[in-house]
Amino acid sequence: MLLLCALTLSIAVPAAADKVKLDPSNWGHEAGSACVSCHTKASSGLAQQWQDSAHAAAGVNCMDCHRAERSDVDAIEHEGQVIATIVSPKDCGRCHTKEFEEQQGSVHAEAYSIIEDRIPALAQNVGGAAMQAASCDQCHGSRVKVRGDGTLDPATWPNSGIGRINPDGSKGSCSSCHGRHRFSKAQAREPEACVRCHSGPDSPDKEVFEASKHGMVYAAHRDEMNLDAAEWNAGRDYTAAPTCVTCHMGAAGKLPSTHDVGLRNVWSLNTPVSKRQFLVIFEDGHKMELPADEPAPRRGTELTRADGTVGTVKAVATPERRRQAMSLVCVECHGKGFTESFMRQFDAVVELYNTKFGEPARAIMAGLYERGLLTPTAFDEPIEFTYWELWHDEGARARHGASMMSPNHAWWEGMYLVGRNFYARFLPEARAVAGEHADELVDAVLRANGQHEWLDQPDQASAILGFAPREAE
């Protein structure tokens, strides 16, 4: 059973936010005017942002979003009203139901859950708790804790991480992209909304986008992007350039918009070895990715999710259908043949990285761990940093570079560094750790791979290093 229900490729829907179905009598709280009056004096910038927002224009005020029940774990009394500091996706979902349902279970909403048990080995052992709060948690989110008096633990708040686990149990932060009080759709459509987190070694999308043809035309024609438009359908409402939202979330032709940012992704690109991914959709609306080299789960199967909860499978989208969805965006500005050829080039780079570097490096590390030549503790031995940077930094940059058509990041900032690391650091370090077992644990892996035979051909002279080949005697 491979059913595509979430992508709804053949159904055209408006490219605007879904119309709020809640009756207007549910907003316009009578205490809201007092909030505005006081905060206009006490925090005028915050109040002005709200005044400029669509919420203010629609009559939605502070209390409509911040109101809480006394039984809520993070409820506090403030100026005679019971409120909560955090406006969670669940709160936003009271009006924005469709967006809330799409966001829950997305790779953004799960950004903390999927790495929660892995963070301490790097962020706290190599760095420290204070560093985790100021860096990892600000993008991935954290588990926001509430103190006994209802106030938020300053060790976990403020935090606008995209996978934040809120006191009400919901995951994510709408304000991470839209802003906390202006709640701007134009801001969320800008690449800058994404690059706050998608930049740097592990997710170099800012650098890759700016160096790509897409980034070049966006910079030249940003004033033609129609970013404030009520509807934003690529090819109809704007044609100047794509942004991150265009490809990953935006409407294009008959493809509807979505708040599940990973819906159209075929590959996992930030893993030691990339895998094509099934998208599993559960009966409660949550989602999860599974490697496509394993059997697809059948409808009704119960699976344990990243946060430990169990969900019942409703449908599974194949990598092919996810690629079809992404390609529908491309063909708004490119021909079908152009799009298919680009996808083949991208896939070829990912498969090259996998087979030539990712899989051999992982096999070598697995052998060293199995023989007890490395301790189970991560990052207490130099080769573990070398291996980490091979796939997490350089390998990710190569794969992202190919996915977004930046030749410099695919090669010089990506695969070239992967190759340099692999041959000049990783292999010598692995042989040193393996010692007398080096041939078995390291070189046998290379021989079986078949893509490293050039190392056994020392007579392939070239002028690339500045030395002219010697003529045959």
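These exercises walk through a predicted model, each with a worked solution.

Residues are numbered from 1 along each chain as its sequence is written. Because the model is predicted, local features need pLDDT of at least 70 and side-chain atom pairs count only at pLDDT 80 or more, while totals for chains, interfaces and linings use all residues; side-chain values use heavy atoms, with hydrogens and water left out.

**Exercise 1. A patch on the surface**

Task: Which residues form a nonpolar patch on the surface?

Solution: 
- Step 1. Set the rule. Patches are made of residues with over 30% relative accessible area and no salt bridge; like charges are joined within 9 Å, and nonpolar side chains (Val, Leu, Ile, Met, Phe, Trp, Tyr) within 5 Å.
- Step 2. Name the members. They are Trp411, Trp412 and Tyr416. Together they have about 340 Å² of accessible area, by the Shrake-Rupley method with a 1.4 Å probe, where for residues only the protein chains shown count as cover.
- Step 3. Trp411 is in helix H19 (residues 407-434). Trp411 counts as partly exposed because its relative accessible area is 42%.

**Exercise 2. Strand S5**

Task: Why is strand S5 described as largely enclosed?

Solution: 
- Step 1. Count the buried residues. In S5 (residues 277-282), six of the six are buried, so the rest of the structure largely encloses this strand.
- Step 2. Recall the pattern. In a regular strand the side chains alternate between the two faces of the sheet.
- Step 3. Sort the faces. Gln277, Leu279 and Ile281 lie on one side, with Phe278, Val280 and Phe282 on the other. Both faces are covered.
- Step 4. Find the partners. Two strands pair if DSSP finds at least two bridges between them. S5 and S6 (residues 287-291) run antiparallel and are joined by five bridges. Leu279 stands opposite Glu289 in S6.
- Step 5. Take the other partner. S5 pairs with S8 (residues 310-317) over four bridges, in the antiparallel sense. Val280 has Val316 as its bridge partner in S8.
- Step 6. Check the turn. S5 and S6 form a hairpin with four residues between them. Gly285 in the turn has a positive phi of about 95°.

**Exercise 3. Salt bridges**

Task: How many salt bridges does the structure hold? Then examine two of the pairs.

Solution: 
- Step 1. Define and count. A salt bridge is a side-chain nitrogen of Lys or Arg within 4 Å of a carboxyl oxygen of Asp or Glu. The structure holds 22.
- Step 2. Take Arg305 and Asp284. Their side chains meet in a salt bridge (3.0 Å, N to O). Arg305 lies in the loop between S7 (302-304) and S8, and Asp284 in the loop between S5 and S6, so the pair ties together parts 21 residues apart in sequence.
- Step 3. Compare burial. Arg305 is buried, at 12% relative accessible area. Asp284 is partly exposed, at 46%.
- Step 4. Take Arg143 and Glu116. The salt bridge between their side chains spans 2.9 Å, N to O. These residues are 27 apart in the chain. Arg143 is partly exposed at 37%, and Glu116 is partly exposed at 27%.
- Step 5. Look for a network. Salt bridges link Arg276, Arg323, Asp347 and Glu351.

Technical notes
Helix = DSSP H or I, 4+ residues; strand = E, 2+ residues; numbered from the N terminus. Buried < 20%, exposed > 50% of the residue type's maximum accessible area, 1.4 Å probe, protein only.
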